[in-house]
Each structure stands twice: as structure tokens, then as C-alpha cells.
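Subject: Structure for you to look at

Hello,

Here is the structure I said I would pass on. Please open it first and keep it beside you while you read the notes that follow.

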Amino acid sequence: MKIDEITISNFRQHRNVTAKFPDGQKSLVLIRGLNGTGKTNFLKALTWGLTGTLGPREPKFTPSSLVSFSAISSAKESGEVEVSVEMAVSLGLAEKARIKRSVSLSKKGGDLFPNAQRLSVLTESKSKGWDSVGDPDLWLEANLPERFSHYFLFDGEQLENFFRASESKFVQDAVLQIAQIDHLDRMVGRLGNVESDLTSAVARSSRGDSNDDLESKFQNLEVKIAELKSSITELEENLVLAEAAQIESRAQFGEIREAQGEIRRREQLETDVDKAEARMETAQTQYFTWAARLAPMVLASKAIDSLSMKIEEARQNRELPPPYDPNALRELIAESKCVCGSDLSKGSEGRKHIEHLIEDFSALSERGALLQQSERPLAVLKTRTAELVESAERIIGALADAQTEFSTKSKTLEILRQKMANHDDQQIAVISQAFDLATEAVAGTRARIAVQRNQLKTEEKEKADLEKLIDAAAKKDSKLGDLRTQVRFTREIQQAATGMLARLKDEVRETVSTKLNDQFQSMIWKKEAFRPVEIDEDYRVRVTNMQGFENRSGLSAGETACLAFAFSLTLSEVAGASYPMVVDSPLGRLSGDVKESVSEVLLKSLEGADDLNSRQLIMLMTDEEFDDQVETIFARQSPAIFEIQFDQSSSEATLKKV
Amino acid sequence: MAKTSRTFLEFDTSSRELFAQLAKSLAGPSAETLKNKDVFFIAMAWGHQHGVKAKSIKKSGTGVRIEYLKDEDRALIAAIHLAECGNLDELLEEDKGFELAELFAEGGIRLLAEEMKNPGQFGEAFAAEIATQAREVAVEED
């Protein structure tokens, strides 16, 4: 199939765009434009026109999301807007077709409501001229199956998704459909249904006391098995979507991983800073408390020393109270006798001396008592002062350490905060949560699939056992001989067909594998770096290095591009049909020599292509991709070159041939 | 010594807020405020060291309960009293010692009020001053 002309109406920014590919220039079409001019939506329009979908990047969409803003604005209230994509295509030498897909929407209250969606296909033949095909969906499916479409209509910057694990189902379906083994697959399935029906008939016919419920059991099992298979298929489809979502969120998560690490580091630092601040405050409080306790003693230290000296003087001058209590001396006088026996009667020398002592020491003892009273507390003050003075360096040092720690950590935190100034914590949290949810969804779906597969195995075994019981019951009834024979025969055919199918699938897989390897090896420049590329039993495309290790994720951007293009071309070759390859930004991720090499590869894939055969490559590129070197390479194929531009004022794209 | 009949070492009425402010400033970031006794003695010692005492105070009726004074506190007041009057016999008049303490406390708090006009730095500056004087005391004793 080759596209001759495309007309797009009201599809996003393509309000009214027509690209007619001139004769002699249809094999290679280059559409160049700046970012945001509508190249990707041009691809999506084409994809929607051919398949009714927008490709794997936009699996779900509403009809109103297709409509261009300018069409919505200019539509009257209660008026209609029609979005349409129309293509003129050539199929081989003589056959042509016109494909038109459209959807009309009504504008009410500022909103759009879809009406009918239409698909029409007109084919031209020499005898009949233009004629409408009866089933346009079937015609399109036959000429460009939707499941192939994303190997021929794709975004060159998403090539790593081409071969993700979840694609294996697509690869399997694509490979089997190409070889038309899918029909055989369905036939084997139908044989199984016939066998089940016959077994039910046997069970029904051999009804007896012990066999009454055999038929209903068998039918219940069939229903259960069918439900399980349907559920598993649905879960597998959900798994594909879940894995796609996981890959997308993983890509975003990869970008934020570093930011997440920084957020964790920042949070840890914030905790450390808070702790350091608390330690600093504690050290400061200890310092202040120490100063408050010490202050009166240090400030009055001279006064304390002075009083201490006075006490010392008094001690030396014997002004401190004598060892005798004046009251004890008064008692001696009252007794008129000293403890030593001396006479202390009135007028005696001894009595005069003691009375003199009482008088002097009474006065002295009051002052001395005060001094004595102050002696111990002053000693306590001095000891306390000495202890506090001694602890000064320790307390001041602890505060200095705490302040240094706080200052250092605060500075580190500030630097990190400045580095993260443009981060949006909330968005990062949302992306992280999305990744976790996506991962959970994938794991959950896989677990459910595993559980249901086990259940299916159990039910199928039970069915096999029940078939034996039914057969054993039927043996007893000679009238059921024919039916039993049919069941046996059908079962044997089904088993043989299943075996043949498995062998055929392997053969096809190996054939596609070999051709894929041939294509890929013809494209790459480091041929000695890889063992033969293959499609394994799980229908995953495997690239192995010479050491025997899986290396697909290690391919360079150029090698991945080559592998993707090789796969597309292989499918075309095996199918014996050509599909137009339309690629958005095929060289977007490449630079320098690699870009030129891949350009040469793409050009080589068109070798011998002309208007008479169906090989066609349409590429949408930015000006950066379509540099002078690339232009020189592609010029050898005399491409049709178009320029796409976007008018800000009207929000519309235009397409002009250069 | 004549037993005192006084109940409080009193703040001047107009200085109560200043004592409260001093109590908060010297408490440290993670502690409650200092007690009345602590700030009274700090102000008293500050006023004594700087030789500044009030001529008189207008008693506020609040301050430090004399019954809560320990022997070391009384000894400190006595030391300041002796340093001021130079006469041991004067020490027997404990009430005069208390009065002197109040006058020095009032003088000291007025001086400190000026320093407290920079509340953010006052605590640090005060502690640093005490640390410096403590080092000098340590050197003298060595």
C-alpha cells in the first residue's frame, strides 16, 4: 500500500491540510517543521484515518479531543463540526482506493457531542470504476491490520517501547497473522468446541441414575473454563496497559529519582539541623545557667576575699570567740569557784579577770560570732566559685562545638535547598506515587493471571477426568457407540492439529527471526558485536552480545532505531505486502555520524522503490534532524519535501510543498 | 547580731519589669526564667562591682524572701557590706546590710537595663563577660 494523497479536516491543528505526493516522489516523503507545528498530530491523523485509533501513545481518547480549536470556535451553536481524514492509496500496480474516516459532532452549550462515526472505502477497478466496499473495517483490517499499525506508524523517539516485554503479545499476534496461522489457531479452537459438544451429547444420552448430573457438571465446567479463558485474556490486555503505564511512569520516575534522593537527603538534613539546634540551645542554656550561678561570686570576688582576710586577721588576733562560752564564765562567777578550784568570790583577782573576760568577749564574741558564722559559707562560696571557674572551658567548649555543628549543617542544608529551588516536591511525590501504583497494578494483575491460569489448569484436568467418566458410563450403553467414536475421533484430530500448530508457529517464528536478523545485520555498523538477533519462544525480540548476555537495553540509539526499522521491514517481507512506514522524528535521538548512518539505512530500505511498487517511507522531522548532511543523503531518492508551519493567531497548521 | 524584722529584700517599684526582663534574658533558650533571688544577687553584685548604687528605693513589696536566704547568700551580702563600710562592727547591723544590698541591686539593674536594650545579644555578652572575669580569677588564684 502506498499513500498518494492525504486530506485532513478539523483534526486538531490541521484545520484544512492537503498533501499530494507527486508522481515519481511517492516513495520518500519528508515533512519538516519546528517543534509544536503539528508533526506528531499529522501522524496521529494518519493513524486515526487508517485504524480508528491514535496509536499506543494515546490509547484512550474522546472524539471531541480530535477537533481543532479553531473549528470549535467558528462553529455556530447547535451547528455541526466534522473531523475527517481522507487518503488516496495505491495497492500494487492497478488497484487504487480512497479511504475516508470521519466523525461529526454537534456544538451545544459550548460543548461538543459526537454523532455518527463513519468509515468509507472506495476501490477502483478497470471494469467497474469506483465502487464502495461492503465492509470497510474488514477491508482495512485485511490491507493494514490494526495490530501491525504501530510497527509502521510510530514515533521515532519511543523506539525503546517497540520491544518491551508487554509487546511480546503484539509480536506474537503480528507474526502469526502474517503467516495466516491465526486461522489454524481458530480452527483448532473450534475443534475443541466440537469435541465438547459431542461429549455433552454423550453425557446427555447416557443419562441414568448415576449419570444424571454428568452432563450438567460437564457443561458447568465448560462454562467455567470459557469464563476463565475470557478473564485471563482480559487480564492480559489489562497487563499490557498496566505495563505501558509502568514504563511511562518509570521514565518519569527515573528523571525524578535523583530529585527523590535529594529530597530524602534534605529531609535527613532538616532533622539533623533541628537536632543540632536543640543541642545548641541546650549548650547555650547550660552556659547561661553557669554564668548566672557564677556571676555574683565573681563580681563580688574582691569583697569575698576581703572578708576572708578579715576572718584570717581576727583568727591571728585572736578576735574570734575563745574556746569558752561567756555564759559558762558567768556560771563560774555565780558559783564563785573556778573549775581549777581557784577562788572566784567577790573582789578576788580571779573573779575580776573573769568579769573582764566576760565583758570583752561578750562584745568580741558578737563580732567574732558573726565572722565565725561567715567563715564556713565563705569557704563554700570560694569552693563553688573554683568549681564553676574550672568548668568554664568545658561548658564554653561544648557550646562552641554545638554552634559549629549547627552552622555547618545549616549551611549544607541551605546549599541543598538552593539546588532544589526549582523542584516541586508535590509533583515528585505524585510521580513517585504513580510509579508505585503502576508497579502495584502490574504485580497485582500478574498475580491474578497466575492464579487464574492455575485455576484453569485445575478445571481442565477436572474436565479431562469427567470426560473419562462420561466415556466409561457410555461404554455400558451400546447405542452410544457412534457418538463415542465421534468424540474420540474429534479429540485425536484436535490433538494432532494442536501439535501441527505448535510446530508451524515455531517454524514461522524462526523464519521471521532469521529475516529480522538478516535485515538488522545489513543495517548496523558493529556487525561483530552481536550474535544473531532472534524472536524467542515467548515472542520477545532478543539481542545478545558475543559474550552471550541479553543486550537489547544496551543498544545505542542508532542500533535501536535500526532494530525497529528492521522489524517493520521484516513484517512487510514475511507478509508479502508493503505498508507505508510513517515515522515521527526518526532521527530525533541521534546525532552526528549515527544520524547519517541511520539515514543511509533508511534510504537503503527503499532501494528499487518507485511508484510501481508499494514501498513508501514518510518521515516527519524537525529542522535539527533534517540538517544539510541528512538532506544530501535523502536527496538521492528525490523525495517530496513539505514544510509544516503553525499560525499562532489562527491556531492552524499549514502544509506546503517545498 | 540584731535579728532582722524584715521579710523581703525588695525591688524598687519602677524596676520590677527590669528584673523580670533580666530573669528571662539570662535563662537560656531552653529554660524557664531565673528566680528573683538569682537576678537580685546578680544585679547587686553588678552594681557593687561598678560602684553604682541608688540613693534610695521605693519599695515594691516584692523581691526575695529573706527566710529563703542561705548562709552563703548572707555571707555574700556581708562581704559587700564590709567592702562598702570597712567596719566590722557595722556588720552586726544586718538590716543595714540588706538595705545596702537593695541599693546596689537597684544601681546594678539600671546599669544592666542599658545592656538589655539589645536583648538578642545581651545573654551572650553577659555570659562572655563573666567567663572573662572567671579566667582572671583563675589566673589570680594560680
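Strands S4 (residues 80-91) and S5 (residues 95-108) of chain A run antiparallel and are joined by twelve bridges. The model is a predicted one, so please read every value below as computed from it. One pair to find in these two strands is Leu91(A) and its bridge partner in S5(A), Glu95(A). S4(A) also pairs with strand S1 (residues 2-11) of chain A, again in the antiparallel sense, through seven bridges. In that pairing, Ser9(A) stands opposite Ser84(A) of S4(A). Is S4(A) mostly covered or mostly open? It is mostly covered, with nine of its twelve residues buried.

Strand S11

Further along chain A is strand S11 (residues 581-584). In a regular strand, side chains alternate between the two faces of the sheet. In S11(A), Met581(A) and Val583(A) are on one side, while Val582(A) and Asp584(A) are on the other. These four residues are all buried, and both faces of the strand are covered.

Which strands pair with S11(A)? One is strand S8 (residues 153-155) of chain A, which pairs with S11(A) in the parallel sense over three bridges. There, Phe154(A) has Val583(A) as its bridge partner. Another is strand S12 (residues 617-621) of chain A, which runs parallel to S11(A) and is joined to it by four bridges. On that side, the bridge partner of Asp584(A) is Leu620(A).

The loop between helix H14 (557-575) and S11 of chain A holds Ser578(A). Ser578(A) has a relative accessible area of 22% and is therefore partly exposed, as the cut-off for buried is under 20%. Along the chain, Ser578(A) and Asn143(A) are 435 residues apart, yet their C-alpha atoms are separated by 9.4 Å.

Salt bridges

How many salt bridges does a search of the whole structure find? Over all chains, the count is 40.

In one of them, Glu652(A) is bonded to Arg15(A) in a salt bridge, with 3.2 Å between the closest N and O atoms. Glu652(A) lies in strand S14 (residues 652-657) of chain A and Arg15(A) in strand S2 (residues 14-20) of chain A, so this pair ties together parts that are 637 residues apart in sequence. Arg15(A) is partly exposed, at 24% relative accessibility.

Another salt bridge is formed by Lys463(A) and Glu222(A), whose closest N and O atoms are 2.9 Å apart. Lys463(A) belongs to helix H12 (residues 425-475) of chain A and Glu222(A) to helix H7 (residues 212-299) of chain A, so parts that are 241 residues apart in sequence are tied together. Are the two partners buried or partly exposed? Lys463(A) counts as buried because its relative accessibility is 15%, and Glu222(A) counts as partly exposed because its value is 21%.

Glu600(A) and Arg636(A) also meet through their side chains in a salt bridge, at 2.6 Å from N to O. This pair links distant parts of the chain, 36 residues apart: Glu600(A) is in helix H15 (residues 592-605) of chain A, and Arg636(A) is in the loop between helix H16 (628-635) and strand S13 (640-647) of chain A. Glu600(A) is partly exposed at 32% relative accessible area, whereas Arg636(A) is exposed at 54%. There is also a network, in which salt bridges that share partners join Asp4(A), Asp23(A), Lys26(A) and Lys96(A).

Chain B

Chain B has five helices and two strands. From the N terminus on, its elements run β-α-α-β-α-α-α. Of the 142 residues in chain B, 50% are buried.

Where do negative charges gather on its surface? They form a patch made of Glu115(B), Glu129(B), Glu136(B) and Glu140(B). Helix H5 (residues 119-141) of chain B gives the most to this patch, with three residues. Glu115(B) lies in helix H4 (residues 94-115) of chain B. With 46% relative accessibility, Glu115(B) counts as partly exposed.

Regards

Definitions and conventions
Residues are numbered from 1 along each chain as its sequence is written. Chains are lettered from A and ligands numbered from 1 in the order in which they are written. This is a predicted model: local features need pLDDT of at least 70, side-chain atom pairs count only at pLDDT 80 or more; totals for chains, interfaces and linings use all residues. Side-chain values use heavy atoms; hydrogens and water are left out. Patches are made of residues with over 30% relative accessible area and no salt bridge: like charges are joined within 9 Å, nonpolar side chains (Val, Leu, Ile, Met, Phe, Trp, Tyr) within 5 Å. Accessible areas come from the Shrake-Rupley method with a 1.4 Å probe; for residues, only the protein chains shown count as cover. A salt bridge is a side-chain nitrogen of Lys or Arg within 4 Å of a carboxyl oxygen of Asp or Glu. Lys and Arg count as positive and Asp and Glu as negative; His and the chain ends are not counted. The place of a charge is taken as NZ of Lys, CZ of Arg, CG of Asp or CD of Glu. Buried means under 20% relative accessible area, exposed over 50%, partly exposed in between (1.4 Å probe, protein chains only). Two strands pair if DSSP finds at least two bridges between them.
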